[in-house]
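The sequence and the structure come first.

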Amino acid sequence: MTQSLNVSTLPQFAQLTIQGEDAEKFLQGQLTCDVTKLGLSYQAAALSNLKGRIEFGIWIKKQAEKHFDVVISADCAESFQTHVKKFGAFSKFETSAPIAIYPCVLADEPTFSHKDDHNTPADTQAWMQCSIENGNYWIVAATQGQFQPQELRLHQRGGMDYDKGCYLGQEVIARIYFKAAPKAFLHYVKGSGDVPAAGDKLDKIQVVNAVATAEGFEALVVARPAHLDDSELTLLELPPALQADVARPQ
């Protein structure tokens, strides 16, 4: 049995719809992924700031022609909507008000649902556990602007495209990918004691997300491998695609 659930600290998510004549063009110039390749399944992606750090971590799908659904942490939804209205002021599309959407696990995959049946703490807990096991991080208000996409292995999840052209933060992101490599990057670990909050520092290790377990917690963290070796955390295995070197293949 895991530690008692604190419902007030469970993550909450919101969905916004962006649709209209210029929706695809606008999103293509904002997001790290290639919007022209999106389908009906949620794709993890990011909207970065000019320093190449993730300002908004999202999941996006193409619901229909010129119609995109975006899921984001509820505490980032308002600022995301403000960003879209500011940068899309002269583009032809409409953005809906945020509505609640519920994290759940379907077919052993973390996803989202509008069904009230999935609006339960147990569903959210299961989603957190499955997400952390699969490297499906989520950015909240406390971690906005703290991580580069490559540090979070977003490129290994299909959420970054290096050939699609310009987007916010693209110059910095591309420079890191083609000329360097992050020294600290995403790992899946377990530890004992209280569950750390998103953005907490465990010495030189930064927590992205964490979930309670019977023995303590499991977490996604960004760290240098040497710092993990010196810590009391136990390294666990991410899916094979996320075990590869974060550097660009030579």
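## Basis

The model is predicted.

Strand 3 spans residues 54-64 and is mostly covered, with eight of its 11 residues buried. Strand 3 runs antiparallel to strand 2, and six bridges join the two. Five residues lie between strand 2 and strand 3 in their hairpin, and glycine 52 in the turn has a positive phi of about 80 degrees.

Strand 3 is also antiparallel to strand 4 (residues 67-73), again through six bridges. Here isoleucine 58 has isoleucine 72 of strand 4 as its bridge partner. The hairpin of strand 3 and strand 4 has two residues between the strands, and lysine 66 takes a positive phi near 65 degrees.

## Helix 4

Helix 4 covers residues 170-179, and its buried residues are Gln170, Val172, Ile173, Ala174, Ile176 and Tyr177. Strand 2 (43-48) is included in what covers them.

## Nonpolar cores

The largest nonpolar core holds 31 residues. Phe13, Trp59, Tyr137, Trp138, Leu152, Val208 and Leu220 have the most contacts inside this core. At least two core residues come from each of strand 2, strand 3, helix 3 (121-133), strand 8 (185-192), strand 10 (205-212) and strand 11 (216-223). Helix 3 gives the largest share, three residues.

Another core, of 24 residues, lies apart from the largest one, and includes Leu16, Leu31, Leu38 and Phe80. In soluble globular proteins, nonpolar side chains tend to be buried together.

Conventions:
Residues numbered from 1 in each chain as written. Predicted model: local features only at pLDDT ≥ 70, side-chain atom pairs only at ≥ 80, totals over all residues. Heavy atoms only, no water. Buried < 20%, exposed > 50% of the residue type's maximum accessible area, 1.4 Å probe, protein only. Helix = DSSP H or I, 4+ residues; strand = E, 2+ residues; numbered from the N terminus. Contact = heavy atoms within 4.5 Å. Pairing = 2+ DSSP bridges. Core = buried A, V, L, I, M, F, W, Y, C linked by side-chain atoms within 4.5 Å.
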